Amino acid sequence: MRITDIEITPIAVQDPPLLNSEGVHQTHALRSIIKVTTSNGLVGWGETYGDDVMLHWLRAVAPRLDGVDVFDLNHIESIVDDELLTNADSITTDLPAGAGYPMANAASVKTRAAVFSAFEVPCLDLQGKSLGRPVSDLLGGRRRDRVEYSAYLFYKWAEHPQKPYPADSWGEVLTPEAMVEECRRMVSEYGFQSIKLKGGVLPPAQEIETVRALRAEFPDLPVRIDPNAAWTADVAIAVGQHLDGELEYLEDPVSGTRAMAEVARRVSMPLATNMCVTSFPDIPEAVREGAPQVILSDHHFWGGLRKSVELDQLCATFGLKLSMHSNTHLGISLAAMTHFGAVARSLAYSCDTHTPWQTENIIVPSEELTFKNGSVAVPTGPGLGVEVDEDAVAALHEQWRTCGVRTRDDVSPMRAVDPAWTGDVPRFFTL
Ligand SMILES: [Mg+2]
């Protein structure tokens, strides 16, 4: 079953002004939709980052996959490696230092893994379709029928400062009371059974207050906070000690595995990361240091779904736990995340998802991928089990063409409001 055509379509979806340690989300988030057609007429789908650099590499690799068998994933990986390692200097860019942004260095393991993943997922979709089996079966078979996700709470502005973008339906959220309201709506609409708070925005003492307000209002729901390395080690230790017994984990309070381990030795809750352990070469140091203890997997930058299974095995071997990271994503990615979530033995926490923040999608709504009690059912149809709405893809491509956003950059829109803003971390040196 050989590849005869690959179509790569950049799209843009509206994104609310969500705040983080780097700045604020832009008016639009970018994704690439990858459509792979085979010699027997099957079509497989993938979804990944949509920044210009990613598009460059996807378009460079795609013609080289013409005629390749969709089961020959190792060969596809070697083509990706060859393309990126040979032509790493072929584009020069001035990239923002985005958290989780994997594309800064074409020769890096993480960048090559991200590009490979973009092709691996549609090939697995095709393998599943040709066999009449869901992707979770190709990954070893599901250990659970539903995958749980958490309410992903953000501090936010009421609207983007840029006009003419209208206010979203969530309003301004900059106080503990407003955050409790945001959480109440998200829990009532999606049924989430756990809470993730994106921190690193307000002074740490105020974020502690927010965590306590959420705990008081939702005593049965575990809470975690992710300040994206906005704190010094001293601040992180102080926050961790103040919130002793209140957090299921503390996510990336500081930068770097050694600093994370220093914090981990002084606080009671586990430390989690999607910033300091983001590819396989990062794992030995984490094992040596004994922290972070929770890896936030993400098939988009760990090299696809099969490599995520390898990560799961390593976590089981070394006593680490898995949770799952999310960037803004649509339904193809949600399906892929759910197939992996279904098979991962080390998955010990609800996964992150940005789904509640997106008002647009590219898949035909399905019962399986609809949130109930905070979880979605593992699709049982062949492949990923999603039906893509190609008219929606076309409309969001048109939005991409006109929106002006070409690279994820949370710093510049914040700087437009605060000219002294750098986005540098750590930002908070005291409670
Ligand atoms: Mg994170």
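**Entry 1: a buried pair**

I started with aspartate 352, which counts as buried at 0% relative accessibility (buried is under 20% relative accessible area, exposed is over 50%, and partly exposed lies in between, with a 1.4 Å probe and protein chains only). A note to myself: this is a predicted model, where local features need pLDDT of at least 70 and side-chain atom pairs count only at pLDDT 80 or more, while totals for chains, interfaces and linings use all residues. Residues are numbered from 1 along each chain as its sequence is written, and side-chain values use heavy atoms, with hydrogens and water left out.

Which residue forms a salt bridge with aspartate 352? I found arginine 224, with the closest N and O atoms 2.9 Å apart (a salt bridge is a side-chain nitrogen of Lys or Arg within 4 Å of a carboxyl oxygen of Asp or Glu). Arginine 224 sits in strand E7 (residues 223-226) and aspartate 352 in the loop between helix H12 (331-343) and strand E12 (375-377), so the pair ties together parts that are 128 residues apart in sequence. I noted that helices (H or I, at least four residues) and strands (E, at least two) are DSSP runs, numbered from the N terminus. Arginine 224 is buried too, at 0% relative accessibility.

**Entry 2: other salt bridges**

How many salt bridges does a search of the whole structure find? The search gives 26.

I looked up arginine 401, which bridges to glutamate 398 with the closest N and O atoms 2.8 Å apart. They are 3 residues apart in helix H13 (residues 390-403), so about one helical turn separates them. Arginine 401 is partly exposed at 49% relative accessibility, and glutamate 398 is partly exposed at 37%.

I also checked aspartate 145, which forms a salt bridge with arginine 142; the closest N and O atoms are 2.7 Å apart. Arginine 142 is partly exposed at 35% relative accessibility.

**Entry 3: H2 against H3**

At what angle do helix H2 (residues 73-86) and helix H3 (residues 109-131) pack? I read about 150 degrees, with the axes 9 Å apart. Axes are lines fitted to C-alpha atoms, for helices over the stretch in contact, and angles run from 0 to 180 degrees between N-to-C directions. H2 and H3 are therefore roughly antiparallel (under 35 degrees is roughly parallel, over 145 roughly antiparallel, 65 to 115 roughly perpendicular, and the rest oblique).

I listed who meets whom, with contact meaning heavy atoms within 4.5 Å. H2 brings residues including Leu73, Ile76 and Glu77, and H3 brings residues including Val115, Phe116 and Phe119. The contact of H2 with H3 has 10 nonpolar, 2 polar and 4 charged residues. Here Ala, Val, Leu, Ile, Met, Phe, Trp, Tyr, Cys and Pro count as nonpolar, Asp, Glu, Lys and Arg as charged, and the others, Gly among them, as polar.

Glu77 turned up again when I looked at lysine 307: leaving aside neighbours within four places in sequence, lysine 307 is in contact with Glu77, Phe280 and Trp302. Lysine 307 lies in helix H11 (residues 305-318). Is lysine 307 buried or exposed? Lysine 307 is buried, with a relative accessible area of 19%.

**Entry 4: H5 against H6**

My last stop was helix H5 (residues 176-190), which packs on helix H6 (residues 204-217) at about 45 degrees, with their axes 9 Å apart. That makes H5 oblique to H6. Among the residues in contact are Pro176 and Met179 of H5 and Ala213 and Leu214 of H6. I sorted the contact of H5 with H6 into 6 nonpolar, 1 polar and 3 charged residues.
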